Amino acid sequence: MSSKKESGSSNYYKEPGPKLSAESPFESMMERFRFAADILKLDEGMFQYLASPVKQVIVSIPVVMDDGRIEVFEGYRVIHDNVLGPSKGGIRFAPDVNLEEVKALASWMTWKCAVVNVPFGGAKGGVRCNPKELSKTELERLTRRYTASLLEVFGPDKDIPAPDMNTNEQVMAWIMDTFSMNSQRTETAVVTGKPIILGGSQGRKEATGRGVVTVTLAALNKMGLMPNKSTVVVQGFGNVGSVSAQLMYEQGAKIIAVSDISGGYYNDGGLNIPEMFEYSQKNGNTLEGYPDAEQISNQHILELECDVLIPAAKEDQISRENAHKVQAKIIAEGANGPVTANADSILEEKGIMVIPDILANAGGVTVSYFEWVQDRQGYFWTEERVNRRLNRMMRNAFDNLYGVSEEHKITLRQAAYVYAINRVATTLKLRGIYA
Ligand code: NAD
């Protein structure tokens with residue numbers, strides 16, 4: 001375990017950061033971070049503080065495999081910052097997880113929580129493994145041993161994991177149980193993204209898509225556009241994309257195209273989203289073969305003329321190569337990092353309003369916060385209450401960032417970083433540096 005000063009060195013709700021490619025996301029984030037630091041005139045010491053994680057832990061995880069062999073995996077947990085409250089962030093199981101990636105994703109969580117005024121710092125964790133090659137019992141032993149190695153890091157008041165790539169509510173249940181067994185009491189608030197029966201929250205599954213739609217409606221309003229007269233394109237038809245498409249459809253918007261890994265589906269008269277959702281569910285979560293639409297390419301879908309484009313599939317979709325072809329008025333980043341930093345200025349010149357990922361898809365972490373609050377109270381809210389509070393927090397966050405963007409004459413993305421960094425830096429100044 002190393003402290004900041006010592007270190008040198010599912011298909012269900014997930015709380016992931018962008019999957020880092022060699023190309024961009026971390027550098028994109030650092031570029032945006034440096035820009036905001038300049039606006040705020042952060043001094044060098046504060047810059048260094050915010051750029052480096054508070055704690056980085058690497059653990060070896062021995063697991064007895066089903067055939068009796070011992071295999072040792074490497075696990076990580078990084079706490080980027082915890083001045084706003086306990087740190088929060090997902091755990092991913094993947095063959096390419098590494099400390100650098102986990103550090104980058106942890107800092108993303110710090111900014112995301114600060115943007116929506118959730119009283120959490122940022123963290124991230126992961127285990128380098130191939131979950132597809134592990135049996136369920138091996139996965140359980142791996143999860144429990146990883147948790148046992150981090151008992152001093154995790155805790156409802158310290159650091160709260162959540163699902164991310166290849167981890168789900170079952171993995172969260174095992175973490176919660178392992179932590180509880182060692183604490184000799186049931187500690188539901190130690191993780192979020194749990195099954196509802198174990199203290200999960202209503203509305204969490206749809207929370208990210210619902211948040212995307214709340215901020216999209218706020219942006220349409222600022223532009224003087226009516227939701228029921230607007231046209232919408234959604235890239236990705238998984239958890240975030242399908243919920244966003246359905247809720248925009250319910251608002252009366254015309255969804256002219258959606259896509260998934262099988263390609264793009266276009267109908268300029270408007271797609272029947274509930275029917276497509278049902279089709280996808282019955283068809284193994286893919287739209288492949290959906291009949292009532294013209295098939296177009298995944299690339300083409302991003303270039304269609306529309307009021308709102310919601311990229312909700314993966315990172316690096318709009319880059320210097322294709323940004324000049326985008327014809328949307330608003331881009332709401334459902335996915336993490338779908339627009340690269342070098343596309344930002346092209347979109348800005350075109351007058352396109354980009355609602356940045358750290359705001360647009362923060363509905364998930366907001367309802368994670370609600371789950372933690374409910375677990376600590378031992379009192380559970382109705383779905384209607386969860387949705388109402390989620391809408392309010394997302395709407396307030398949008399209004400805050402819009403105000404900052406007007407004040408400094410900067411984009412919403414720049415405003416998000418200015419707002420988040422300022423919030424963390426101001427809190428740190430008030431608390432002071434413990435010596
Ligand atoms: P998911 O796995 O449920 O869905 C992904 C969808 O994208 C699928 O429909 C898949 O077919 C499609 N897709 C994959 N590659 C594509 C491509 N090249 N072109 C078009 N479609 C493609 O994932 P999700 O949970 O909806 O997450 C989507 C994005 O949102 C990710 O970037 C994730 O990190 C981010 N995100 C998700 C949540 C959440 O709560 N689920 C929260 C914050 C951010």
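The model is a predicted one. Its largest nonpolar core holds 115 residues, and a second, separate core holds 19 residues. The count of salt bridges comes to 22, while glutamate 138 is buried yet takes part in no salt bridge.

**Nonpolar cores**

- Of the 115 residues that make up the largest nonpolar core, those that touch the most other members are Leu50, Trp111, Leu142, Ile355 and Leu359.
- Helix α14, which spans residues 412–431, supplies the largest share of this core, namely 11 residues.
- Once residues up to four places away in sequence are set aside, leucine 50 touches Phe33, Leu42, His80, Trp111, Ile421, Val424 and Ala425.
- As general background, nonpolar side chains in soluble globular proteins tend to be buried together.

**Salt bridges between parts of the chain**

- Arginine 92 and aspartate 164 form a salt bridge in which the closest N and O atoms are 3.0 Å apart.
- This pair links distant parts of the chain, 72 residues apart, with arginine 92 placed in strand β4 (residues 87–94) and aspartate 164 in the loop between β6 (159–163) and α5 (169–183).
- Arginine 92 counts as buried because its relative accessibility is 1%, which is under 20%, and aspartate 164 counts as buried because its relative accessibility is 0%.
- Aspartate 177 forms a salt bridge with arginine 144, and here the closest N and O atoms lie 2.9 Å apart.
- Because aspartate 177 belongs to helix α5 and arginine 144 to helix α4, this pair ties together parts that are 33 residues apart in sequence.
- Aspartate 177 is partly exposed, with a relative accessible area of 28%, and arginine 144 is also partly exposed, with a relative accessible area of 25%.

**A network of salt bridges**

- Glutamate 333 forms a salt bridge with arginine 413, with 2.9 Å between the closest N and O atoms.
- Glutamate 333 lies in the loop between β12 (327–332) and α10 (341–349), whereas arginine 413 lies in helix α14, so the pair ties together parts that are 80 residues apart in sequence.
- Both glutamate 333 and arginine 413 are buried.
- Salt bridges with shared partners join Arg32, Glu333, Asp344 and Arg413 into one network.

**A buried glutamate without a salt bridge**

- Glutamate 138 is a residue of helix α4, which covers residues 136–149.
- Although glutamate 138 is buried, it has no salt bridge, and the nearest side chain of opposite charge, that of arginine 141, is 5.0 Å away.
- Apart from its neighbours within four places in sequence, glutamate 138 is in contact with Val63, Met65, Asp66 and Glu133.

**Helix α8 and its surroundings**

- Within helix α8 (residues 273–282), the buried residues include Ile273, Met276 and Ser280.
- Viewed down the axis of α8, the buried residues fall within an arc of 60°, and they therefore line one face of the helix.
- These buried residues of α8 pack against α7 (239–250), β8 (254–260) and β9 (263–266).
- At the start of α8, asparagine 272 has a side-chain oxygen that reaches to within 3.2 Å of the backbone nitrogen of glutamate 275.
- After α8 comes glycine 284, which has a positive phi, near 70°.

How values were computed. Residues numbered from 1 in each chain as written. Heavy atoms only, no water. Helix = DSSP H or I, 4+ residues; strand = E, 2+ residues; numbered from the N terminus. Buried < 20%, exposed > 50% of the residue type's maximum accessible area, 1.4 Å probe, protein only. Lys, Arg positive; Asp, Glu negative; His and termini not counted. Salt bridge = Lys/Arg side-chain N within 4 Å of Asp/Glu carboxyl O. Contact = heavy atoms within 4.5 Å. Arc of directions from axis to C-beta. Polar contact = N/O pair within 3.5 Å; in protein donor to acceptor, adjacent residues only side chain to side chain. Core = buried A, V, L, I, M, F, W, Y, C linked by side-chain atoms within 4.5 Å.
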